[in-house]
Number of protein chains: 2
Amino acid sequence: MKATIYHGPHDIRVETVPDPELREPTDAIVRVTRAAVCGSDLWFYRGIAKFTPGSRTGHEFVGIVEAVGNDVRTVKPGDAVIAPFVASDGTCEYCLAGLQTSCVHGSFWGDEQNGGQAEAVRVPYADGTLVRMPDAVAHDRRKHDAAVTLSDVMGTGHHGVIGAGAKRGGTIVIVGDGAVGLCAVLSAAKEIGVERVIAVGHNERRLALARNFGATDIFNSHEPGVGEAINQLTRGGAPSVVEAVGNQESMDLAVEVARPGGSVSFVGVPHNVKQAPLRPIFLKNLALRGALAPVREYLPRLIASLEAGRIDPLPVLDLNLPIERVADGYAAMDERRAIKVLLEVS
Amino acid sequence: MKATIYHGPHDIRVETVPDPELREPTDAIVRVTRAAVCGSDLWFYRGIAKFTPGSRTGHEFVGIVEAVGNDVRTVKPGDAVIAPFVASDGTCEYCLAGLQTSCVHGSFWGDEQNGGQAEAVRVPYADGTLVRMPDAVAHDRRKHDAAVTLSDVMGTGHHGVIGAGAKRGGTIVIVGDGAVGLCAVLSAAKEIGVERVIAVGHNERRLALARNFGATDIFNSHEPGVGEAINQLTRGGAPSVVEAVGNQESMDLAVEVARPGGSVSFVGVPHNVKQAPLRPIFLKNLALRGALAPVREYLPRLIASLEAGRIDPLPVLDLNLPIERVADGYAAMDERRAIKVLLEVS
């Protein structure tokens, strides 16, 4: 089969590798239909995060179950499924608590033998990991395409909104207009029903999409005094803030616009945050929540919302490429020509 | 009257100053009976935090109301009262939400004309700030002495425990054996009823006091591998952690011993924390809560507990001095000869 291999910074190649095989009785083999490139893939692509050359890449995919081990009960060959970006056993303390990212048997995709940007994937703990798509999603091309966002960015944006304690009718600030920030806007406005959704970014096209996703107020992060302007609008800050960038400026802004007693959830891997602004967090009695999203927990709900048309995250996938052109996809995202790349696999 | 004046690092003097007078109809004048020296006073004493020479010092005191303005309704001359370390109006959005430290009219003690380490204090917003002591506390010397801890350290320790989400029957780790850490142990064990209270410090005498306050397990923070040992004991960390020191090592340890999905509240002013450990906070889905304690909110409950004998924080006040010897008190705390100094004023 074809799979994407990391060879070094800015060097991603599709190569032919052996097909994956069942190893454990709890495994499934999934034939991938759609995959995606994630903003977090850019960390190793740019050489900022360490990643072993020769590793498979990709942690977002949907597809059709091809084979299952003897112990798998909830999916069967032919089922259309979504995989979260972490495999989880579904039975440990953390899985039962809805924190599948801390599963005692958890594993991320992307090692020497397994990655989501490929024609097939071996999925460990298939019962605890995979969630079936209903026919109305699997057989609707638009929704099937959109479903790949539920693997990560849509679930991550939603987790940020939940972690920020956002409530129906409330106010939230979302810092960042990347795919995760945009999905957070969508979650807040459409899934949770937050009344005032304030989006902050600096890319006009993306901010226009934020508006389409339900943002009620838009601020340009490059304009000076944006924090004061938001605090004026909200009369002292928002009770809920999502930080969806992962750099120092965005973290500082997120804390600045948080209302005393409020919550700031940061959903990006904090690669470029040297110092959390602890003093205002202390003085304002904020909760800073680290927020590696347990996407698996949200999948049933978000799949239902996708099926019902309550959320439509498809527009964040603004560049479609065949799997063979995955390198072009990384480059397009690296150069910010695309928000997020959908890979058409089969 | 006598009042304590800051002249510069390591230079604290008691001097004679004019008696305070009512300025606003919401003011009260309180004749101080007991005051205290706080660990946070050491920041300016050591020259680490900026503080204007000539300022009055002290933010912990109890006393007897001497005079009230025309608009004061809830206290009257002769009442024994406790003052929190922040004055608050009692009517704004934040006060009503129990976050009096963010009161829109809030003010800290310690300026050119007002400080708690003195014979009398002008208290703004007396109705929103002061809480009466019942006779059983006011007229019991031991409890009257102990009441001064409710101005700050006992309320701060309790806030840390609440902020860490501790529950009856649960598990908590408290990092720090200073007065606040010890009060957090007392709150967890006696006020909340946490079953496993793990105290971490490095002073044997203080750790023995932690044991008396109800700590079930004691760890020495200077021993290598203390984080791993706690994680072994708790089989993966505690859901609730209080960081009551305010330096990098204690913050790192607090995050290390927090269970995935748990909460770490930091109750010390983070003067010496250069970098919050954001990566484990992210990966473990922790909430890091800044925790400037709204002591005023907890006073009615903690006064009742003091009266009932449920909590007895008096042992943290291990050095009693007359107000005239306040400088000796600062020195004793600076040199760690005393946990916390009680000043006998009148």
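User: In which sense do strand 15 of chain A and strand 15 of chain B pair?

Analyst: This is a predicted model. Strand 15 of chain B spans residues 287-290, and three bridges join it to strand 15 of chain A. The sense of the pairing is antiparallel.

User: Which element of chain A gives the most to the side that touches chain B?

Analyst: The contact draws on 28 residues from chain A and 28 residues from chain B. Strand 14 (258-266), helix 11 (278-283) and strand 15 (287-290) of chain A each supply at least two residues of that side of chain A. With five residues, the element that gives the most is helix 11 of chain A.

User: Why do the copies meet through the same surface?

Analyst: One compares the interface residues of the two chains. The copies meet through the same surface because the share of interface residues of chain A that are also interface residues in chain B is 100%.

User: Within chain A, how far apart are the C-alpha centres of domain 1 and domain 2?

Analyst: The domain assignment gives domain 1 of chain A as 2-152 + 294-344 and domain 2 as 154-290. The distance between their C-alpha centres is 26 Å.

Conventions: Residues are numbered from 1 along each chain as its sequence is written. Chains are lettered from A and ligands numbered from 1 in the order in which they are written. This is a predicted model: local features need pLDDT of at least 70, side-chain atom pairs count only at pLDDT 80 or more; totals for chains, interfaces and linings use all residues. Two residues are in contact if their C-beta atoms, placed from the backbone, lie within 7 Å. Helices (H or I, at least four residues) and strands (E, at least two) are DSSP runs, numbered from the N terminus. Two strands pair if DSSP finds at least two bridges between them. Domain bounds come from an automatic or database domain assignment.
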